Amino acid sequence: MRLSFSHIKPIADLVITLVIWIYYIFSYLVFFSLCYFAASLFARDREIAFQRINHLYYRSFFFFVRTIVPGLDFRIQHEVLSIRASVIVCNHLSYLDPILLISLFEKHKTIVKNPFFKVPIFGWVLKTAGYLPATASGTLVSLMMERMNDLKGYLSSGGNFFIFPEGTRSRDGKLGRFSEGAFKIAKRCNAPIQVVSIRNTQRLFPPDRFLFNACVKNTIEVRLAGTIEPDDPIKGSSASEMKEEAWSLLNNSLNN
């Protein structure tokens, strides 16, 4: 009996998914854990060193994914790679989105859900890399306040802070409403907002699925939709106005 694509695809997806996760875990535990350990002992600035290691780790991960998944390509706009000293707001389609942005920016910070800070080893890496907890609660209150106070200087030194103002992944691909947190941070730090659009990560790794969709031709794109200056008299007069402008820029980018 001849097997059809519909019969082969689930098996191929499972095999490729297992290989990807084996690489993800193996490379972290065997190779990159040694890099973190060395950086914790010898780096002059452990925070920046850990961010660079995270960047290299996820960059190698996506290189491996692109190599093993047939028909997968990445199209990253040069203007995105050139972003520095900015608050980056982005749409959210897949669990891959945050680690994709980490792979693009060597010097970066972001917000991570509180429970991850309690995971052994991984939580230590998050704290040392300077990432921010999602909410100021419990034992993370002082950490959140410390990181928020340091953020202006970090951005001024050329680092990027990225955030997904929808707050959760889109299940239908449509852009959800934004919260104002990222825009208040940009105003407080007097930092430009870079509006970035991501396309097609959900086609590779859909929400609420364990398996990668590995047998579909796909191009993941990351583009700059626009820039909003915090002191712009038209676009930057308030966090609310910046939020609406960013939503419009991103929505137009995703629909064109």
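A pocket here is an open set of grid points with protein on both sides within 12 Å along at least five of seven lines, and its lining residues have an atom within 4 Å of a point. The model shown is predicted.

**View 1. The largest pocket and its lining.** Helix H1 gives the most to the lining of this pocket, with 6 residues. The space inside comes to about 1,300 Å³. In total, 42 residues line the largest pocket. Closest to the centre are Pro 98, Ile 111, Val 112, Lys 113 and Phe 116. Rolling a probe the size of a water molecule over the atoms shows where empty space is left.

**View 2. A nonpolar patch on the surface.** Nine names make up this view: Leu 14, Leu 18, Ile 22, Ile 25, Phe 26, Leu 29, Val 30, Phe 31 and Phe 210. Together they have about 920 Å² of accessible area. Val 30 is one of the patch residues. Val 30 sits in helix H1, which runs over residues 5–42. Its relative accessibility is 43%, so Val 30 counts as partly exposed.

**View 3. Helix H4, mostly covered.** H4 spans residues 96–104. Of its 9 residues, 8 are buried. The buried residues are Leu 96, Asp 97, Ile 99, Leu 100, Leu 101, Ile 102, Ser 103 and Leu 104.

View 4. Val 125 belongs to helix H5. Val 125 counts as buried because its relative accessibility is 2%, and the cut-off for buried is under 20%. Neighbours within four places in sequence are left aside here. Beyond them, Val 125 is in contact with Tyr 28, Tyr 36, Phe 50 and Asn 54. Asp 150 gives a sense of distance: Val 125 and Asp 150 lie 25 residues apart in sequence. In space, the two are 18 Å apart, C-alpha to C-alpha.

View 5. Phi of Ile 121 is near 70°. That value is positive, in a residue other than glycine. Most residues other than glycine have a negative phi. With 57% relative accessibility, Ile 121 counts as exposed, since exposed means over 50%.

**View 6. Asn 190, in another loop.** Asn 190 lies between helix H7 (181–189) and strand S6 (193–199). Its phi is about 55°. Asn 190 is not a glycine, yet this phi is positive.

How values were computed. Residues are numbered from 1 along each chain as its sequence is written. This is a predicted model: local features need pLDDT of at least 70, side-chain atom pairs count only at pLDDT 80 or more; totals for chains, interfaces and linings use all residues. Side-chain values use heavy atoms; hydrogens and water are left out. Buried means under 20% relative accessible area, exposed over 50%, partly exposed in between (1.4 Å probe, protein chains only). Helices (H or I, at least four residues) and strands (E, at least two) are DSSP runs, numbered from the N terminus. Patches are made of residues with over 30% relative accessible area and no salt bridge: like charges are joined within 9 Å, nonpolar side chains (Val, Leu, Ile, Met, Phe, Trp, Tyr) within 5 Å. Accessible areas come from the Shrake-Rupley method with a 1.4 Å probe; for residues, only the protein chains shown count as cover. A salt bridge is a side-chain nitrogen of Lys or Arg within 4 Å of a carboxyl oxygen of Asp or Glu. Contact means heavy atoms within 4.5 Å. On a 1 Å grid over the protein atoms alone, a cavity is a set of points where a 1.4 Å probe fits but cannot get out, and a pocket is an open set with protein on both sides within 12 Å along at least five of seven lines; lining residues have an atom within 4 Å of a point. Grid points are joined across faces, edges and corners, and a volume is the space filled by probe spheres set on the points.
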